[in-house]
Amino acid sequence: MNPWIWVAIGGLFEASWAVTLNMSDCFTEPVWTLATIIINFVSISFLYKGLREGTPVGGSYAVWTGCGSMCSVFFGIVLFGDMISPLSWVFLALLIIGVLMMQGSEGSESHEK
C-alpha cells in the first residue's frame, strides 16, 4: 500500500479529533474528552506509520495537517452548520491542490530507512 494513504487516513482522524474536541466542551464532557484523546492517538499513529514506510517528514506533516484542515471544514459545515464565504472556498480549493501537489512532488523522492 502507498504510504501516503496512511498519512491521509491520519489526516481524516485529525479532523475527527477536532470535532470531538469541540464536542468535549473544553474537556468537561467525559465521553467526548476520552474520544478526543483516543482519536488524537490514532491520528498520530497513522502519521507515524506513513513516516516509517518512507514518506518525508516535511511533506507528511503538510499533507497530514492539510487533510485534517480540509476535512475539519467539511465536518464543520455538515455537523455544526458552519458557513464559509466564497473566498474561503477558493482558498480551500488551493489547499486541496497544494496537498495533492505536495504529495505528488515528494512521492517519488521518498527515502529508504
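**View 1. Thr 33 lies in helix H2, which spans residues 30-52.** Helices are DSSP runs of H or I with at least four residues, strands are runs of E with at least two, and both are numbered from the N terminus. This is a predicted model, in which local features need pLDDT of at least 70, side-chain atom pairs count only at pLDDT 80 or more, and totals for chains, interfaces and linings use all residues. Residues are numbered from 1 along each chain as its sequence is written, and side-chain values use heavy atoms, with hydrogens and water left out. Thr 33 is buried, because its relative accessible area is 14% (buried, under 20%; exposed, over 50%; partly exposed, in between; 1.4 Å probe, protein chains only). Apart from neighbours within four places in sequence, Thr 33 contacts Ser 24, Phe 27 and Thr 28 (contact, heavy atoms within 4.5 Å).

**View 2. Ile 97 lies in helix H4, residues 86-107.** With a relative accessible area of 48%, Ile 97 is partly exposed. Ile 97 belongs to a nonpolar surface patch with Leu 87, Val 90, Phe 91, Leu 94 and Met 101. Together these residues have about 630 Å² of accessible area (Shrake-Rupley method, 1.4 Å probe; for residues, only the protein chains shown count as cover).

**View 3. The protein contains 4 helices and 0 strands.** From the N terminus on, the order of elements is α-α-α-α. Of the 113 residues, 30% count as buried. Among contacts between residues at least 6 apart in sequence, 71% join residues at least 24 apart.

Terms used
Patch = residues over 30% accessible without salt bridge, like charges linked within 9 Å, V, L, I, M, F, W, Y side chains within 5 Å. Salt bridge = Lys/Arg side-chain N within 4 Å of Asp/Glu carboxyl O.
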